[in-house]
Amino acid sequence: MINNSKTLFVKDGDDILIQRSNNQTDGFRTSVYKHFESNMHVVVCRTPSPIYTLNIYVPTASTDDKGLPHMLEHLVFCGSKHYPARGYLDVLAAHNFSTGTNAWTTNDNTCYTLDAASEDAVANVLPVFLDHILNPLLLDDHFVTEVYHYDEMGKEQGVVFSEMGSRENKESTLAHYHLKKLMYKPGTIYSTYSGGKTYEIANLTNKEIIDYHHKYYDANNITVVLTGAFSNDFEEKYLQTIPADIVQSHGCDSREPMDCSPPSGDGHPIHDVVKFPSADTSSGSFGFGWHGPDREDVEANIALEIMMEYLAGTPSSPLNLYFVACSTPLASSILTYPNSYIPRMLKLTFNGVPYLHTSHFSPKSRGKFNIGLHAKQFDIIADLGKRPVEFWLDLLKKWLIDQTMYYVAMVPDLELGSKIEAKRKAIEQANMAKIVDKKAHIGHIKRAIEASKVNVPKNMKEAIPVPDLSKTSILLHTQNLVVLDNNIGPVSAVQTINAESEFTSEASFSFKLDIPFCPTGKRSFDDELADLISLDYFALRMLADLMGRMDGPLDNAVRGKGYSYVYSIMQAQETPMKMLDQSISNSIHGFANADEYNTWCSTHIAAVKMSDMRRVFEKYVLRFADNNYPMFRIIVTPSVTTIPAKIGSYQRMSLEEISATYNLGY
């Protein structure tokens, strides 16, 4: 690699102060650096967080549903010009106190991410990550395993193909896709399916991906964003030492003006009815969309976020009270999400609607690098809090009532799933017919799989730089484990953590209940299943869902006092379910395979009776409200929090006061 003979990155303007509160003199110092000969930018935002984050943004766009940026997102991790061993990037990240690398793709950009525990770790990974992004191998073998191939039986495979195949016919995915097609001109970036439609992926070639990389993946287009407690000499010490040839631009500039305007009103539909496969035909959904303000109108965007949150963000919001929490619900939930498109896309989704069978791209400026648009957002929020009701009514009228409203009605179809499956089988038969030499076809796939395996030589692993552990940033906190002399319900110990935080308006309690969830492994699976050793766990989960549901006991009790209610439950053993949603791994929490997990859950759930829920209610829940355990009648909050008297006779105490009052011994 080429050593640097000159300063690679130069300061681009004065530092920007990103507000951390509504105090104008207080904030996070943010510096911007520009490559000396290209438009590559590095943004360093110094925050007191113990976690250092790296985000590398590439402006990527497409005018079709091939999903080329998504294909590249996966292939980038398969090796690079200077680091060809597949898996080296992740091994490097693991050795540098990181949870690993990741990436995501949306319609107008792809972002590559890393979280680490020190600036040395970020500095060690950054040049290798950039080399993978700007100089990937993009081998045909990697295309076979990561993107698409079909086996000797004609079955379509490939990491990206399988991922999109599991998504593209879901109700929510179809709703968002068709709403975008209504709201944006055909062939423009926001009207496309950035992940790639499976029928398009099946016809892709590796050359198309290579050509796409040449067009968009140039150092000239890259923006690197770093956040964390970076030292004052980080830029000089690390940025200037990045090998010059890795970040050398070839002159490509993909940050060009894009047509993001809505379609013309001449005959273009503003609504659509879309069928989705479902075994349950009792309900569907509605998706509503509006075009919002430009990205540069920061006040309008923040005001709209506040207004949308007010309208539908909580169970006690007006739309939820009118459509969900009513005697005859017209929806099971309402979601609001303002997409960061250009201009903004405002979206409301009504789920569970009863069905009766009767950025990087700017359309205004080319090459303009904007940062700090939200640097004063706390001032804006404080000012918005003083606005009269008329301001919010005008905002509602301007962006939701007077704007063209697009909507998609999602209708369940019992037979569509069978049709999709029949089409899949027909494709498999057609693929089998294309295979001339079955043995050669199998050999080609095997060679590609072998060539795509992780293979980091031992000498490379041993040469990986490891950061100085003493330089890792630690969140200032104190913690204590309180072992109780007399158990409070099922709780025998309480852990308290007092941490430095910018957010002083919230506090929370968390309780851990040691309830068996999975086989102990001490006896056979069948014997432990027969004894229903996890019955309390499933009974408690069913009870919690019953109590916490919309219009349930907790909802009614809290809303009856005029407060918002949000039900949330943490499930410590939710990992198996998440793994099942992707692909089951062996020996996850005591389950040998997916069938064992499903059998365990279904058997226990079927065995739960009302008497079991009553028993766990008295055993695990009712005792928390017992006056004999006054600790749970205390709200522990930051001192600035106001506790309205009408919610009950509570007292505020610090952890130290609790310890002294109840002799908890810490």
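Q: How is the expected span of a helix worked out?
A: The expected span is 1.5 Å times one less than the number of residues in the helix. The model here is predicted.

Q: What does that give for helix H6, and what is the distance between its end C-alpha atoms?
A: H6 covers residues 171–183, which is 13 residues, so at 1.5 Å a residue it should span 18 Å. Its end C-alpha atoms are 18 Å apart, in agreement with that.

Q: Which residues of H6 are buried?
A: Thr 173, Leu 174, Ala 175, His 176, Tyr 177, Leu 179, Lys 180, Leu 182 and Met 183.

Q: And what covers them?
A: The cover includes helix H5 (159–167) and the strands S11 (271–277), S12 (283–291), S14 (345–354) and S15 (406–413).

Q: How does H6 run relative to S15?
A: At about 145° to S15, and H6 lies across S11, S12, S14 and S15.

Q: Switching to the sheet: what is the strand order?
A: The order is S11-S15-S12-S14-S13, an open sheet of five strands with mixed pairing. The twist from one strand to the next averages 15°.

Q: How many bridges join S13 to S14?
A: Four, and the two strands run antiparallel. In S14, Asn 351 stands opposite Ser 333.

Q: Which helix lies across S13 and S14?
A: Helix H10, residues 298–312, running at about 10° to S14.

Notes. Residues numbered from 1 in each chain as written. Predicted model: local features only at pLDDT ≥ 70, side-chain atom pairs only at ≥ 80, totals over all residues. Heavy atoms only, no water. Buried < 20%, exposed > 50% of the residue type's maximum accessible area, 1.4 Å probe, protein only. Contact = heavy atoms within 4.5 Å. Pairing = 2+ DSSP bridges. Axes fitted to C-alpha atoms, helices over the stretch in contact; angles between N-to-C directions.
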